[in-house]
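Hello,

Here is the structure you will be taking over. Please open it first and then read the notes below it.

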Amino acid sequence: MVSISKLTIHVLTCLALAAASYNATAATPTPLPPAAEEALNKGIIAAKVPDYLLAIRYFEEARKLASQAPVVYLNLGLAESRIPGRELRAMAWFGAYLAAYPDAPNAAAVKEQIGVLEVRNQSNTSRLIQTLQDSPYKDFQAVAKLWADSGDIATALKTASLAGEVYGGSAQGYIAAVQAKAGDTAGALKTAGIVVRPDYRSDAFLGIAAIQIERGDLSSAETSIALARSAADQIPGGQTKWGKLQAIAKLQIEAGKMDAAQATLRTALTAVDLIVIPAESERKDVYLLARVQGQASIASSQIEAGDIAGAKQSLALAFKNSELVGDPYERSRDQGGNIFDYYIKAGDTGNAIRTLKAYQKSVDLITDANRKRLFTTSDDRRHEKLAYAQVKAGDINGALKTVNEIVGDKTSALRDIISAQVKAGDYRGAVKTNGEVRDDDKRSYNLYEIAKAQAQARDFDGAAKNAELIQIVKYKEWATNAIAGERAKTNNPVVPTPAPTPESTAAKRSPVPSMTAEDWIKMLDDKSQYGAALNTEPFLNLAGYLKSLPPSDNPHRVFDSLHKAAETLVKAQNMIAAMLKQQARK
């Protein structure tokens with residue numbers, strides 16, 4: 001075992017490194033420039049005083065003159081490791097040293113010192129979180145999450161138990177996710193199992209399943225989803241229950257379990273019926289709208305699961321309930337919003353048209369002019385969506401009829417129709433539709449596209465005829481060149497190049513990038529590195545930073561300030577740990 005004093009003596013006497021910098025293309029270091037060597041030696045003298053802040057100033061001067069010298073990173077790490085509160089900065093400097101000089105003869109000793117600094121930093125962080133927990137203002141949920149993120153699962157669970165069923169259940173679900181991300185699946189499942197409320201317990205198991213799916217462990221995810229489903233089945237109310245069941249179905253879809261997802265969504269739909277509609281007229285709309293939104297949302301997931309028939313049934317129920325809503329403004333929002341959009345998504349243009357007509361009737365009943373304007377200004381967009389759906393369904397005549405309902409610019413909708421007609425080989429129809437385009441530039445461009453498609457189909461005479469209709473000179477030239485190019489291909493056919501084999505493609509794939517010294521330096525120098533920059537006050541002088549926080553008689557404000565500091569430290573700690581882990585796999 002190499003002690004810190006021995007490591008320091010090793011570096012300060014420098015052995016083979018004191019006057020060297022690292023050449024990225026060489027296996028061994030190369031000499032430092034004289035000015036950098038002088039600054040480095042002054043830093044070593046200052047460290048012997050000891051005056052570590054002065055030593056750091058000299059080492060930083062050396063870094064400006066030799067920015068890629070590993071020995072400078074090493075001495076910066078040693079100097080910063082001697083200043084309480086700068087453990088994370090020291091670890092980052094050592095990380096940069098090992099990234100720049102992975103075969104360094106003292107690599108084992110440096111790694112050992114990183115471990116020592118890790119423990120010291122963890123101790124500092126734990127004291128800060130405990131101070132936060134002991135403060136007059138109590139937010140056990142937030143503190144439990146910090147304990148979990150810092151790696152202290154046992155204390156996190158104890159703290160979460162103080163937060164009550166709701167906030168505690170949320171914290172326990174978060175802790176379970178942290179455990180799952182760390183690879184402790186058994187611990188995560190155990191934590192999720194102690195959540196009291198079934199809705200939060202379902203969320204906890206779903207969080208574990210999501211992590212398992214992300215890792216490709218579909219078998220384990222299926223078990224976690226089953227546990228989530230079991231918890232969701234225990235939820236008594238309709239509003240919460242259908243939402244949790246839908247969340248389960250979404251993960252089943254992600255895992256490729258479409259049949260299971262469809263079954264879960266059918267159960268979710270029945271849960272919507274558990275939303276009781278009161279007789280009082282003042283409250284009736286609220287619960288009717290809850291049903292409408294639930295049924296429409298479930299329909300959207302059914303479409304994703306491939307159950308189009310089920311989606312249409314759910315949308316029919318949503319539409320039926322929307323017609324019972326008394327307030328025309330609220331009725332218009334759902335009919336012209338989700339119900340219409342999901343019918344379009346399901347490819348059911350007939351019911352989309354019916355919904356659109358009902359929506360327009362509802363809008364007509366709105367007496368407030370400002371509220372009515374919110375809908376009428378977006379009517380063109382609804383007609384564009386409908387026309388596009390009709391084009392996809394092959395109903396060109398229906399799409400043209402819908403486009404005629406557009407009051408404003410029809411260019412985009414007409415373009416969709418023209419593209420479909422060209423694809424179907426209906427060039428005459430495409431030219432006729434293009435005649436409805438008002439903008440000269442876009443109309444000419446569309447003609448160029450039509451002529452090009454005709455030329456590609458070897459209809460050179462038709463292409464030339466339509467090219468003559470183009471009014472904008474540059475597009476006419478494009479069309480003429482495209483036709484000539486296709487004629488040339490006919491006379492001189494091109495032999496297609498064989499597609500690369502999977503083996504050759506795989507051979508060209510770039511390897512996953514590993515950590516570099518520059519990655520560490522960026523964290524050390526940048527003041528905005530994802531909210532965990534090591535060049536900011538908490539990492540340079542934690543004690544001073546905490547003392548500098550503005551005093552307040554408001555316990556909540558004091559808690560927020562301390563929580564922000566602790567959260568920043570924990571985030572940086574975890575980032576550095578992840579970077580070191582990635583570097584170790586190099």
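A residue counts as buried when its relative accessible area is under 20%, as exposed when that area is over 50%, and as partly exposed in between. Arg 382, at 11% relative accessibility, is therefore buried by this cut-off. Please keep in mind that the model is predicted.

Salt bridges

Arg 382 is a place to start. Its side chain meets that of Asp 379 in a salt bridge, at 3.3 Å from N to O. Asp 379 is also buried, because its relative accessibility is 17%.

A second pair is made by Glu 486 and Arg 458, whose side chains form a salt bridge of 3.2 Å, N to O. This pair links distant parts of the chain, 28 residues apart. Glu 486 is in helix H26 (residues 473-491), while Arg 458 is in the loop between helix H24 (440-456) and helix H25 (460-467). Glu 486 is buried, with a relative accessible area of 9%, whereas Arg 458 is partly exposed at 40%.

There is also a network: salt bridges with shared partners join Glu 60, Arg 63 and Asp 525.

The side chains of Asp 199 and Arg 197 form another salt bridge, with 2.6 Å from N to O. Asp 199 is buried, its relative accessible area being 10%. Arg 197 is partly exposed, with a value of 30%.

For the model as a whole, the count of salt bridges is 19.

Helix H14

The other element I looked at is helix H14, which covers residues 258-272 and has 15 residues. From its first C-alpha to its last H14 reaches 21 Å, close to the 21 Å expected at 1.5 Å a residue.

Which residues of H14 are buried? They are Ala 261, Gln 262, Thr 264, Leu 265, Ala 268, Leu 269, Ala 271 and Val 272. Seen down the axis of H14, the buried residues fall within an arc of 165°, so they line one face of the helix.

What do these buried residues pack against? Their partners are helix H12 (218-232), helix H13 (238-254), helix H15 (281-304) and helix H16 (308-322).

Regards

Conventions
Residues are numbered from 1 along each chain as its sequence is written. This is a predicted model: local features need pLDDT of at least 70, side-chain atom pairs count only at pLDDT 80 or more; totals for chains, interfaces and linings use all residues. Side-chain values use heavy atoms; hydrogens and water are left out. Helices (H or I, at least four residues) and strands (E, at least two) are DSSP runs, numbered from the N terminus. The expected span of a helix is 1.5 Å times one less than its number of residues. Buried means under 20% relative accessible area, exposed over 50%, partly exposed in between (1.4 Å probe, protein chains only). The arc is that of the directions from the helix axis to the C-beta atoms. Contact means heavy atoms within 4.5 Å. A salt bridge is a side-chain nitrogen of Lys or Arg within 4 Å of a carboxyl oxygen of Asp or Glu.
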